[in-house]
Amino acid sequence: MAGDSHPDPDLIEQRSRFPEAYSVLREAIAAGAFPGCAFGLLADGKVVLLDALGQFTYEATSPAVTPATMYDIASVTKVVLTTSAAMLLHQRGLLDLETPVGELLPGFVIGRDSSRLARKVTIRHLLAHNSGLPGYVPFFHTATNPYSVLRGCLELPIEAEPGTRAEYSDPGFILLGKALESLLGETLPTFVHREIVVPLGMTRTGVCPPPSVRPLIPPTEEDELFRQRRIQGEVQDEHAYLLKGVAGHAGLFSNVPDLLRFAHAILDPGRFRLFDPATIELFAQRQDPAGSSRALGWDTPSEESSSGRFFSAQSVGHLGYSGCSLWIDREANLAIILLTNRTWPNRESQLIRTVRPAFHDALREVL
């Protein structure tokens, strides 16, 4: 286990304070939920837990995970990269949430009948996952380049009246990312690096890690379907890969300290002066239809939430397919990060579904 041989006094105190949370994670590793993990807890503006357990893979010689280890955070990208960019653009008066997607991406409506539902889809609908777009379409079976992925997303049928059906949609966030880039005149990662990552001191967050950094990132899978090789230090999501690692739905790499800084900026907007309180409140509100847990870009706790039993209705968060999660409780003034590579060596294990709420509950019960 990382750091188990000679833990420093702070780690000894952390591990003695949260024994049940450590037990949940150690049992998860032993059960094959993931080979290792990094995790952290921010409470009342202070990092009260920052640690790691396990290794990059199940091999005995595999490197130990540390609290600073970078992970492929998969769909957590949707909030840290894409939603945060939308928040800044909106509060600066540069993004109207009611803007039709077709105004920013003409290819979304060109060639469709004028009465078609696509003309009703707005930026708000894409953020809220209620556009009527399908949830997931495996374009990578036939697509070979960024153009073919984007073209596939642009031409998807709108399956329901916008605003009436909640369906978590990767194509929707691919389109949202491209729509924001058309407003910005630059790539999302470039904008977010300058406006969010650098001001917050997130030194280990970005897309497309260079070859020298890739061995320091836990691998996500032995890919036997698409790339026919081990995926390590490059984005696991096939569509983000075809989009050259720069996409609105996935592609970001980060670590626990950086994500705690990001969460802190949401919890204490007065201190960080990045997001306005009114912007945070707007984007944290649940959207139509009734019963959907989706806010604008963010998710909120549902009945069987991965956040567990104690996160309030004022909470926002997001999950990543690779086994990562970020939950922020604005009422309790705390945030919990859990980063794993649960898809190693393949995507079969679903144990993360029980690990996440158990881990969150174990931490919250102590607090």
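Predicted model: local features only at pLDDT ≥ 70, side-chain atom pairs only at ≥ 80, totals over all residues.
Residues are numbered from 1 along each chain as its sequence is written, and side-chain values use heavy atoms, with hydrogens and water left out.

**Stop 1: the largest pocket**

Start by selecting Ser-75, Tyr-168, Leu-319, Gly-320 and Tyr-321. Of the 33 residues lining the largest pocket, these are the closest to its centre. The pocket holds about 840 Å³ of space. (A pocket here is an open set of points on a 1 Å grid over the protein atoms alone, with protein on both sides within 12 Å along at least five of seven lines; lining residues have an atom within 4 Å of a point. Grid points are joined across faces, edges and corners, and a volume is the space filled by probe spheres set on the points.)

Now colour strand 8 (315-320) and helix 13: each supplies at least two residues of the lining. (Helices, H or I with at least four residues, and strands, E with at least two, are DSSP runs numbered from the N terminus.) Which classes of residue make up the pocket lining? Nine are nonpolar, twelve polar and twelve charged. (Ala, Val, Leu, Ile, Met, Phe, Trp, Tyr, Cys and Pro count as nonpolar, Asp, Glu, Lys and Arg as charged, and the others, Gly among them, as polar.)

**Stop 2: the largest cavity**

The structure holds three cavities of 30 Å³ or more, a cavity being a set of grid points where a 1.4 Å probe fits but cannot get out. The largest has a volume of about 40 Å³. Select Tyr-136, Val-137, Phe-139, Asp-170, Pro-171, Ile-174, Asp-237, His-239 and His-249 to see its lining. Helix 7 (residues 170-184) gives the largest share, three residues. By class, the lining of this cavity has five nonpolar, two polar and two charged residues.

**Stop 3: Leu-105**

Jump to Leu-105, in the loop between helix 4 (101-104) and helix 5 (123-128). Is Leu-105 buried or exposed? Leu-105 counts as buried because its relative accessibility is 11%. (Buried means under 20% relative accessible area, exposed over 50%, and partly exposed in between, with a 1.4 Å probe and protein chains only.) Show Leu-154, Leu-175, Lys-178 and Ala-179 too: leaving aside neighbours within four places in sequence, Leu-105 is in contact with them. (Contact means heavy atoms within 4.5 Å.) Ala-179 is 74 residues away along the chain, yet its C-alpha is 6.1 Å from that of Leu-105.

**Stop 4**

Strand 5 (residues 221-223) is where you'll find Glu-222, which is partly exposed at 31% relative accessible area. Its side chain makes a polar contact of 3.2 Å with the side chain of Arg-230. (A polar contact is a pair of N or O atoms within 3.5 Å; within protein, one must be able to donate a hydrogen and the other to accept it, and residues adjacent in sequence count only if both atoms are side-chain atoms.) Not counting residues up to four places away, Glu-222 touches Arg-229, Arg-230, Trp-344 and Pro-345.

Stay on those last two: the peptide bond from Trp-344 to Pro-345 is cis, with omega near -5°. Pro-345 sits in the loop between strand 10 and helix 13. Ser-349 is in that loop as well, which runs between strand 10 (334-340) and helix 13 (352-366). A polar atom of the Ser-349 side chain lies 3.3 Å from the backbone nitrogen of Leu-351.

For another cis peptide bond, select Asp-288 and Pro-289, where omega is about 0°.

**Stop 4: the cysteines**

Cys-153 is buried, at 0% relative accessible area.

Cys-208 is partly exposed at 43%. While you're there, check its backbone: phi is near 50°, a positive value in a residue other than glycine.
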